[in-house]
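The following note was prepared for a colleague who asked for comments on this model. The points are numbered so that each may be checked in turn.

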Amino acid sequence: MDIKHDIYLISDSTGETIDRIFLALKAQFKNFEYDNHQFSFTRTENQVLKIIELAKKQKEPIILYTIVDEKLAKNLEENAKKNNIPCFSVLGDLILNFSKLLNQKASHIPSGQHTLEEHYKRIEAIQFTMSHDDGKKLDDIIKSDIVLLGVSRTSKTPTSMYLANRGYKTANIPLVMDQKIPEELKSKNNKICIVGLVTDPERLADVRRNRVTMMNETNIKEYTDLKSIKEEIDRSKKLFKKYNWPTIDVTRKSVEESAASILKIFEIQKSK
């Protein structure tokens with residue numbers, strides 16, 4: 001019976017680099033059973049200790065990391081060593097190390113084959129995401145990997161496209177008065193990762209005012225009115241709470257940071 005490993009991917013940024021490296025790495029081994037645990041924006045020793053505490057509870061944990069800060073990287077390696085947890089920087093010879101750890105030879109299949117597969121997956125995800133932007137094509141929303149909900153100007157489209165470039169079919173739906181939420185999303189039995197995006201009303205008012213100025217729009221006072229915006233945000237929060245949809249405050253987050261948080265939620269839900 002094959003041993004199942006718990007892989008801890010630790011990054012001090014969004015985790016995109018280590019994701020791609022692990023994707024290429026795992027393709028080298030046919031008999032590799034694992035559960036994936038991702039930790040992005042790991043930048044303190046306290047965060048490292050919490051991850052180590054989680055990892056040491058597993059039977060066969062393995063840690064891979066990309067951490068620029070040498071002191072923090074050393075702290076991670078030392079704590080992993082104390083608990084007999086294999087820990088590798090992605091700059092090391094990963095294939096050789098994994099070959100020894102799994103007691104099997106790497107296939108050494110050219111990475112181009114896997115790159116091509118991932119390329120097609122991304123193209124499909126991008127096409128899907130573009131055709132499901134801003135509440136379009138809700139009839140097949142069930143085919144989404146991820147659905148983002150939020151009021152206007154909460155970075156739904158750029159975040160969706162970023163996720164699509166990572167290979168995730170992402171639809172986004174604006175929460176406006178005449179926009180209906182598909183019944184499929186309200187069902188507790190659906191397998192879609194649904195995430196609500198919220199933001200600070202005052203900051204959103206500024207964003208919308210700039211948008212209106214650029215577009216030379218008039219007669220849309222309610223769109224930029226702070227009181228109306230607060231009501232919009234409150235309604236969206238109540239909706240997310242009603243259906244127990246996780247939320248992310250995007251006020252001071254970059255698209256990359258928001259996407260990393262969404263992918264954490266996606267991985268947690270997928271593992272249930």
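Contact, as the word is used in this note, means heavy atoms within 4.5 Å. The model under discussion is predicted.

1. Gln38 belongs to strand β2, which covers residues 33-39. With a relative accessible area of 17%, Gln38 counts as buried, because the cut-off for that class is under 20%. When neighbours within four places in sequence are set aside, the residues in contact with Gln38 are Leu9, Thr14, Gly15, Asp19 and Lys264.

2. Polar partners of Gln38. The side chain of Gln38 reaches the backbone oxygen of Gly15 at 3.5 Å. A polar contact of 3.4 Å also joins the side chain of Gln38 to the side chain of Asp19. As a further reference distance, Gln38 and Ile142 are separated by 104 residues in sequence and by 26 Å in space, taken from C-alpha to C-alpha.

3. Thr66 is placed in strand β3, residues 61-66. Is Thr66 buried or exposed? Its relative accessible area is 17%, and Thr66 is therefore buried. Not counting residues up to four places away in sequence, Thr66 touches Ile10, Ser11, Asp12, Ile18 and Val90. With one of these, Ser11, there is a polar contact between side chains, at 3.5 Å.

4. The pair α2 and α3. Helix α2 spans residues 45-55 and helix α3 spans residues 70-82; their axes come within 10 Å and cross at roughly 25 degrees. The two helices are therefore roughly parallel to each other, since angles under 35 degrees fall in that class. The crossing of α2 and α3 is right-handed. On the α2 side the contact is made by Glu45, Val48, Leu49 and Ile52, and on the α3 side by Lys71, Leu72, Asn75, Leu76, Asn79 and Ala80. Sorted by class, the contact of α2 with α3 comprises six nonpolar, two polar and two charged residues.

5. The pair α6 and α11. At what angle do the axes of α6 and α11 cross? The axes of helix α6 (residues 156-165) and helix α11 (residues 255-271) cross at roughly 65 degrees and come within 9 Å. The crossing of α6 and α11 is right-handed. From α6, the residues Pro158, Thr159, Tyr162 and Leu163 meet Val255, Glu256, Ser258, Ala259, Ile262 and Leu263 of α11. In the contact of α6 with α11, seven residues are nonpolar, two are polar and one is charged.

6. Backbone angles to check. Most residues other than glycine have a negative phi. Asn84, which is not a glycine, has a positive phi of about 55 degrees. Asn84 lies in the loop between α3 and β4 (87-89). Its relative accessible area is 69%, so Asn84 is exposed.

7. Asp134 is found in the loop between α5 (111-131) and β5 (146-150). With a relative accessible area of 43%, Asp134 is partly exposed.

Methods
Residues numbered from 1 in each chain as written. Predicted model: local features only at pLDDT ≥ 70, side-chain atom pairs only at ≥ 80, totals over all residues. Heavy atoms only, no water. Axes fitted to C-alpha atoms, helices over the stretch in contact; angles between N-to-C directions. Helix = DSSP H or I, 4+ residues; strand = E, 2+ residues; numbered from the N terminus. Left-handed = near helix turned anticlockwise from the far one by under 90°. Nonpolar A, V, L, I, M, F, W, Y, C, P; charged D, E, K, R; others polar. Parallel < 35°, antiparallel > 145°, perpendicular 65-115°, else oblique. Buried < 20%, exposed > 50% of the residue type's maximum accessible area, 1.4 Å probe, protein only. Polar contact = N/O pair within 3.5 Å; in protein donor to acceptor, adjacent residues only side chain to side chain.
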